[in-house]
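Dear colleague,

Please find below the structure I promised to hand over, together with its sequence. My notes on it follow.

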Amino acid sequence: MGFTKVSQKFVTQVTPERMFKALVLDAHNICPKLMFSSIKSIDFVEGEGEVGTIKQINFTEASPMRYVKHRIDALDKEALSCTYTFIECDAENSLLETLEYITYEVKFEGYGRGGCICNLTSTYKAKGDIHIKEEDIELGKDRAIGMYEVLEAYLMAHPRAYT
């Protein structure tokens with residue numbers, strides 16, 4: 001059973017507080033609006049956003065999967081950090097079929113004059129002796145960065161949002 005850990009950073013011109021509020025606390029509202037071509041909705045299956053909450057991300061017909069579920073494992077509103085674990089999906093022949101889980105740790109820190117660094121660490125736990133392909137990890141990293149870029153553009157265009 002192997003673990004693969006990948007860290008990445010994304011620098012933005014938006015304050016860490018605004019990025020955290022939008023991407024972590026209000027993702028269920030903002031992400032379907034901004035990423036409507038891929039995300040249909042984000043629903044609370046259990047809880048209301050606190051630790052232990054399970055959310056289901058429902059994708060559009062254009063996506064290779066219909067949904068994924070993740071659980072919030074840690075949430076620190078003062079430190080602007082969150083840890084969550086993908087626990088279920090319906091996709092066949094996907095990376096998630098070869099994994100027991102993927103855990104993401106997200107932290108937003110101040111940077112420069114009013115910007116922030118978004119730190120994302122992903123831990124992939126493979127089933128059995130399965131080897132995780134580098135291209136599968138790269139695809140996930142690209143999607144995460146794309147989501148951050150869309151959100152940054154929205155927040156830059158709407159300076160009063162999430163203040």
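How many salt bridges does the count come to? The count comes to five salt bridges, in what is a predicted model.

Salt bridges

Among them is the pair of Lys40 and Glu61, whose side chains meet with N and O 3.2 Å apart. Lys40 belongs to strand β2 (residues 39–46), whereas Glu61 sits in the loop between β3 (54–59) and β4 (67–76). The two residues are 21 residues apart, and the pair therefore links distant parts of the chain. As for accessibility, Glu61 has a relative accessible area of 67% and is exposed, while Lys40, with 48%, is partly exposed.

The loop between β3 and β4 also holds Arg66. This residue forms a salt bridge with Asp90, and the closest N and O atoms of the pair are 2.7 Å apart. Arg66 counts as exposed, because its relative accessibility is 60% and the cut-off for exposed is over 50%.

A further salt bridge joins the side chains of Arg71 and Asp73, with 2.6 Å from N to O.

Helix α2

Which residues of helix α2 are buried? In this helix, which spans residues 27–34, they are Ala27, Ile30, Cys31 and Pro32. The cover over these buried residues includes α1 (16–25), β2 and α3 (134–157).

Lys9 in strand β1

Lys9 lies in strand β1 (residues 3–12) and is exposed, with a relative accessible area of 62%. Which residues is Lys9 in contact with, leaving aside its neighbours within four places in sequence? They are Ile117, Cys118, Asn119 and Ile145. The C-alpha atoms of Lys9 and Met147 are separated by 13 Å, and these two residues are 138 residues apart along the chain.

With kind regards

Terms used: Residues numbered from 1 in each chain as written. Predicted model: local features only at pLDDT ≥ 70, side-chain atom pairs only at ≥ 80, totals over all residues. Heavy atoms only, no water. Salt bridge = Lys/Arg side-chain N within 4 Å of Asp/Glu carboxyl O. Helix = DSSP H or I, 4+ residues; strand = E, 2+ residues; numbered from the N terminus. Buried < 20%, exposed > 50% of the residue type's maximum accessible area, 1.4 Å probe, protein only. Contact = heavy atoms within 4.5 Å.
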